[in-house]
Amino acid sequence: MDCVSPILDVITRVWDCSAKHAAYINDLQENLESLRNEMQELKNVYLDVKSGVEVEEQRQMRRTNEVDGWLRSVLAMEAQVDQILQKGDQEIQKKCFGTCCPRNCWSSYKLGKKASKKLGAVTELRNKGRFVVVADRLPQAPVEERPMNKTVGLDLMYAEVCRCIQDDQLGIIGLYGMGGAGKTTLMTKVNNEFIRANKDFEIAIWVVVSRPASVEKVQEVIRNKLKIPDDTWRNRSEDEKAVEIFNLLKPKRFVMLLDDVWERLDLQRVGVPSPTAQNKSKVILTTRSLDVCRCMEAQKSIKVECLTEEEAINLFNEKVGETTLNSHPDIPQLAEIAAKECKGLPLALVTIGRAMAGKNTPQEWGRAIQVLKTYPSKLSGTGITKLPIGIELSTELQTLKKIRCLLLRGMSHLKMISKEVISNLSMMRIFVLEFNELILETENACQSPREEEPKYSSEDNGALYLRKDNKALLEELEGLEHINWVNVSVEGALSFQKLSSSQKLKNVMRDLSLVNLEGTTSLRLPRMKHLRNLEILSCGELQEIKVDQKREGGQGFVADYFHIPNSNFCCLCLVDIFQLPKLLDLTWLIYIPSLEELRVEDCESMEEVIGDAGEVPENLGIFSRLKDLCLEDLPNLRSISRRALPFPSLTKLIVLDCQNLKKLPLDSNSARNGLKEIVGELDWWEGLQWEDETIRLIFTPYHSTWE
């Protein structure tokens, strides 16, 4: 028996081995079918994973290495399985006729063995395809490229900034210069062309600081760049955020690019480590003031100079374009003059150059150059929308405290200024704010389609509004000790009430526009003895205008004609009335003895210019100094005056679209000294009624039709 047991054990092992190998042959078809099914399951999982990856990649994510490797393995596995299935199907077709036995047992054996092993591998690969995360966020480039136009005249300054960055002893570098000189463009060029190519910095962070400098806003920009998660940032104090930023930046070699700095920004409060020779990090800033560079402790301050004359002319001509320059022989020379007026400022050259593109006549260029030459201030016509806040913090604006005259002309974009500005100009004597729409037509010509008008909240307590409800502006002007000359537009009924109640404002007002006095049906003009020009427009409810007849000394209006210097409006020379649809007459003008120009337009209800003036003695010279009278688009006007007027100074009378005006207040003694022209439509002139034929013959030679 002892001999039999080993023999049986050997026989058993041989049988098991033989049976296993025989199964590769006998179960070939079944194994091939199982492999085919398992491979289809793997393909389904593959498609699900691939679809998820594609969705994440569209969201700027990147597939993980594990997922990428698995997807590649599936494709390789599919190719191998397809080969086995193809050979297997061929092998099954080769079985002996009428039996289940294969013709080539050895070939079937090898194929069956491969199919069995591959089935296990496919199952294992399918089980590995259960991924929780298929993609990660793309890592940010350490230095992001910023959009930038072609630069002009910056090469030397660019080279100097690059040298400073390479100097380990210079941690903080300041770029300063006039607004529009190209400081931001220079820093952008440094970012795009030097820092990105240098590869020495692990991260670059660009922050637009502006004013007021906000530690919180700067921290938020840095936090987004460093990808600090919400759960470690939200509800934390400024100091805690600074610590988080500091610990993340400290081990890195970073460059902090601070654009548009107006005042000192405490980098320690922000959490920015001090750039040193040891950490080789850098802080680069742009500002208008050298003093800001000093406050920021810049080891090197570089002044960004304006363009040379040649560079300025080339840039200007590029923006104007060859078509315009070649449209007339005189335009190249005029373009050179205009370019010189831009004083080498790239922003001005680009803006004005684009505005002049398409201006093909020397006359248009001449007018534009004249406007440029007469700019009274660098602020004028620049498209500024908001004067800066924090005047007491800006060294550059500190200088403004010494100015005595502030002229803001062509400021059609300017909607508001900070409450700190006007009140701090303690030495100011003259304030002029004029919204001139003429300035080079830049309102539309220089505005790209994506730019929108800035919107300011009516609840902005830090703002002085210049166009609507500008009572606060008047209050600040009233508070200036030395102010003695104001040209301004007063908008809104409350603003006009402020003007009427302030003796100081009435005394200093020289040019005044009254606009959109909502709800006002009757307007009483207060005494303004220095007022020269008055404009009243867009007051939809206004029906009548009166003036304060009492003057100093208690005398009435009759004395005004004999004592013009003492009258309530002794200096008022020009009156412009526009878009007052309910206004009935302008009889109040009899109290304006110095009036030289009167323009009335688009007042559809007006029937008379001078109504009942019966109380005025006939020997008083109503309109005695009037030189120009323009009446336009007054469909119901029937009378200029109920009696003939002498008009001793009248030189020009214009009447357009006033078809119901059938009689002029003229007789044989009227306008005998200097009348040059009466302009009006021919049918209107031919329909006029005259006291007698002699008067018609006197004035007919002066008539001309409107062109």
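This is a predicted model: local features need pLDDT of at least 70, side-chain atom pairs count only at pLDDT 80 or more; totals for chains, interfaces and linings use all residues.

Q: Is arginine 126 buried, partly exposed or exposed, and why?
A: The general idea is that under 20% relative accessible area means buried and over 50% means exposed, with partly exposed in between. Arginine 126 has a relative accessible area of 22%, so it is partly exposed.

Q: Which residues does arginine 126 touch, leaving out those up to four places away in sequence?
A: Contact means heavy atoms within 4.5 Å. By that rule, arginine 126 touches Glu38, Glu41, Leu42 and Val45. Take glutamate 38: it lies 88 residues from arginine 126 along the chain, yet 8.4 Å separates their C-alpha atoms.

Q: What should I look for in the backbone angle phi of glutamine 579?
A: Glutamine 579 is not a glycine, and its phi is positive, near 55 degrees. This residue sits in the loop between strands S17 (574–578) and S18 (597–601). Its relative accessibility is 33%, so glutamine 579 counts as partly exposed.

Q: Where is aspartate 633, and what is its phi?
A: Aspartate 633 belongs to the loop that runs between strand S19 (628–632) and strand S20 (652–656). Its phi is a positive value near 55 degrees, again in a residue other than glycine. With 33% relative accessible area, aspartate 633 is partly exposed.

Note on methods
Residues are numbered from 1 along each chain as its sequence is written. Side-chain values use heavy atoms; hydrogens and water are left out. Helices (H or I, at least four residues) and strands (E, at least two) are DSSP runs, numbered from the N terminus. Buried means under 20% relative accessible area, exposed over 50%, partly exposed in between (1.4 Å probe, protein chains only).
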